[in-house]
Amino acid sequence: MDAMQANSPAAKYGTTTERTSDRELTVTRSFNGPAHLVFKAWTTPDLLKRWWVPASFGISLVGCEVDARTGGTYRFLFAVPGQSEPMAFFGKYLEVTPPSRIVWTNEEGGEDGSVTTATFTEKDGRTHLVITDVYPSKEALDAALESGSTGAFPEQFEQLDKVLSGEA
């Protein structure tokens, strides 16, 4: 389907995003670090807090609960300027296979929530990440793309690079 433009911010950081079907979005990125460390950064609250929220968004991750095991749950709370109550993102882990795969639900959207699969493949000390979001309908993916909620990965991954290198 439609790949993002080569000169877009996503391409600047080595992140590619492609709509691979009416309901599916695939994001890829490579990291300088072994899979077990990249996986740990995705499943450890103290590490997630250091990279998950893009700095340019102006919001803060004020709560981070992660039970990263098959059947476990997660809940992220974000402080949003101008809102009195934090915004919650939550779901459950359908599959957790360290250090190679995580599958989770995104339940804050109700029936419009997606299921995300992240795979971590290591080669020569680098980890290749593939994220696949499957939405319940074409309209749900269209809405996510229009809202810009799928565009945070490049900045998040730049921040994750800093965590992996010990800079953050």
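Predicted model: local features only at pLDDT ≥ 70, side-chain atom pairs only at ≥ 80, totals over all residues.

Me: What percentage of the residues of the protein count as buried?
Reply: A residue counts as buried when its relative accessible area is under 20%. The protein has 168 residues, and the share that counts as buried is 39%.

Me: At what angle do helix H2 and helix H5 pack?
Reply: Two packed helices are described by the angle between their axes and the distance between the axes. Helix H2 covers residues 35-43 and helix H5 covers residues 153-165, and their axes are 11 Å apart. H2 passes H5 in a right-handed crossing. The angle is about 115 degrees.

Me: How many nonpolar residues does the contact of H2 with H5 have?
Reply: On the H2 side, the contact is made by Leu-37, Val-38, Ala-41 and Trp-42, and on the H5 side by Phe-157, Leu-160 and Leu-164. By class, the contact of H2 with H5 has no polar and no charged residues. The number of nonpolar residues is 7.

Me: How far does H5 reach from its first C-alpha to its last?
Reply: H5 has 13 residues, and the expected span is taken at 1.5 Å a residue. Its reach is close to that expected value, at 18 Å.

Me: Which residue just after H5 takes a positive phi?
Reply: Within H5, the buried residues are Phe-153, Pro-154, Gln-156, Phe-157, Gln-159, Leu-160 and Val-163. Just after H5, a positive phi of about 85 degrees is found at Gly-166.

Me: Is Leu-47 buried or exposed?
Reply: Leu-47 has its place in helix H3, residues 45-51. Leaving aside neighbours within four places in sequence, Leu-47 is in contact with Lys-40, Ala-41 and Val-163. Its relative accessible area is 17%, and the limit for burial is under 20%. Leu-47 is therefore buried.

Me: How far apart in space are Leu-47 and Leu-160, C-alpha to C-alpha?
Reply: Leu-160 is one of the H5 residues that make the contact with H2, whereas Leu-47 is in helix H3. The two residues are 113 residues apart in sequence. In space, C-alpha to C-alpha, they are 8.8 Å apart.

Me: Which kind of aromatic pair do Trp-51 and Trp-52 form?
Reply: Trp-51 is buried at a relative accessible area of 0%, and Trp-52 counts as buried at 17%. Their rings are 5.1 Å centre to centre, with 70 degrees between the planes. Planes over 60 degrees apart count as edge-to-face, so the pair of Trp-51 and Trp-52 is edge-to-face.

Me: In which strands are Phe-78 and Phe-89?
Reply: The ring centres of Phe-78 and Phe-89 are 5.2 Å apart and their planes lie at 85 degrees, so this pair is edge-to-face. Phe-78 is buried at 5% relative accessible area, whereas Phe-89 is partly exposed at 29%. The pair links distant parts of the chain, 11 residues apart: Phe-78 is in strand E4 and Phe-89 is in strand E5.

Me: Which residues is Thr-117 in contact with, leaving aside its neighbours within four places in sequence?
Reply: Thr-117 is found in strand E7, residues 115-123. At 17% relative accessibility, Thr-117 counts as buried. Its contacts are Arg-101, Ile-102, Val-103, Val-130, Ile-131 and Thr-132.

Notes: Residues numbered from 1 in each chain as written. Heavy atoms only, no water. Axes fitted to C-alpha atoms, helices over the stretch in contact; angles between N-to-C directions. Helix = DSSP H or I, 4+ residues; strand = E, 2+ residues; numbered from the N terminus. Left-handed = near helix turned anticlockwise from the far one by under 90°. Contact = heavy atoms within 4.5 Å. Nonpolar A, V, L, I, M, F, W, Y, C, P; charged D, E, K, R; others polar. Expected span 1.5 Å × (residues − 1). Buried < 20%, exposed > 50% of the residue type's maximum accessible area, 1.4 Å probe, protein only. Phe/Tyr/Trp six-rings, centres within 6.5 Å; stacked < 30°, edge-to-face > 60°.
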